[in-house]
Amino acid sequence: MLDSLRFNPIKLNIFSIITFALIILVIISTDSLFSDNLSVHSVADVNRSNHHELQTHKISEPLKSTSSDDQVWIKITEKITDEKGRIQELKVFESTNPTPKFDSRIGNFFGRYQCKVQFFMTWISPAKSFGTREFFIIESLFKTNPSGCLIILSNSMDSRYGYRILKPLIERGYRVQAITPNLYSLFNNTPSEIWLNDIKNGKRDPGEIPLAQNLSNLIRLAVLYKYGGVYLDTDFIVLKDFSSLRNSIGAQSIDLNGNWTRLNNAVLVFDKKHPLLYMFMEEFALTFDGNRWGHNGPYLVSRVVDRLEKPQDFNFTIFPPMAFYPVDWTRVARFFARPNDQNDKKWVEVKLRQLKREAYGVHLWNRQSSRIKIEEGSIIDRLISDQCIVCRHSNSS
């Protein structure tokens, strides 16, 4: 629109410049009212930099097959002073939606159905960024857990546009809804509440890492503590029924002796008010560092579990990497590549059988794989064919 406007510099006076500026300001302000809001997205990818390895514990049980600001406003706040910009960024996460309160909406959703499993996800990007891969993740969840219920904690997906994205599944009877999170309600009477107030009041430095990413790490802990269920990242293909899992967390890596060396928080399964979740939130509030990638996420759960003197007293299971992280982030590209010869084809078939037999799902490490093309005949392509419901995906997605 702006490119089509032309002005004669000779005739342009100060008054017209001011008028033009006011018009543009009005246009931007009006447009921002209808833009998709940001929400909180799960980010649990491992940091690429070197980190000190944690002390190990033996795996306790082997794997068994058993206020409404938009993108324009955020860009503006990033350009003003740090202190003011960081405080303003919190407005993205304040619930100003006139719909029923957060607690009521979640209670009504779960109360409406007999949910075999309560699933939660988060999403921080605009709804228009919720693409075919993310939609397939939800398809895979309901393909394997048809009696489950999914709540997507998101401002942007809690909209007409977001509803249109989810509508094909809702029309088929699957129980999924996007709900705008109210952090003050969600964090109430938990260690998370203290941290949030410190950030809001400028007593805590949010750091250089986008605050939304660190909030996602905290929200998943708080929502499971308050309601119980399963948290999944939006880049996790579900391959099995989760109803048999209780109080479980997955190892991302193990040593030659079978001891875990790092845990991850991309998949969390916990009962309501589990004490370990409370300890995770305490660790977040006490040791928060907004400048170190993964410090408040995967490394946090690793630190807390590593310090437990008697892990068996907390009634939880650590699953080996094959359960939730069957491919390392450094090798995930191979899962997207087509087999080039007979050996490759044989490897794909063997790996698929192993995944379906032993894995509850596949974490795609979206930070590394989001730009990788899904090639025909690849492991991911085969999983999409097997696990989709609407099945509208293309290999180029």
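I started with a definition: buried means under 20% relative accessible area, exposed over 50%, and partly exposed in between (1.4 Å probe, protein chains only).

I'm working with a predicted model, where local features need pLDDT of at least 70, side-chain atom pairs count only at pLDDT 80 or more, and totals for chains, interfaces and linings use all residues. I number residues from 1 along each chain as its sequence is written, and side-chain values use heavy atoms, leaving out hydrogens and water.

**Entry: helix α5**

Helices (H or I, at least four residues) and strands (E, at least two) are DSSP runs, numbered from the N terminus. I looked up α5, residues 132-144. Its expected span is 1.5 Å times one less than its number of residues; that gives 18 Å for 13 residues, and the end C-alpha atoms are 18 Å apart, so the two agree. Next I checked burial: 11 of the 13 residues are buried, so α5 is largely enclosed by the rest of the structure. Among them are R133, E134 and F135.

**Entry: salt bridges**

My rule was a side-chain nitrogen of Lys or Arg within 4 Å of a carboxyl oxygen of Asp or Glu. That gave me 13 salt bridges.

R220 pairs with D233, their closest N and O atoms being 3.5 Å apart. R220 sits in helix α9 and D233 in the loop between β5 and β6, so the pair ties together parts 13 residues apart in sequence. R220 is buried at 0% relative accessibility, and D233 is buried at 1%.

R382 pairs with E349 at 2.7 Å. This one links helix α15 to helix α13, parts 33 residues apart in sequence. R382 is partly exposed at 29%, and E349 is partly exposed at 31%.
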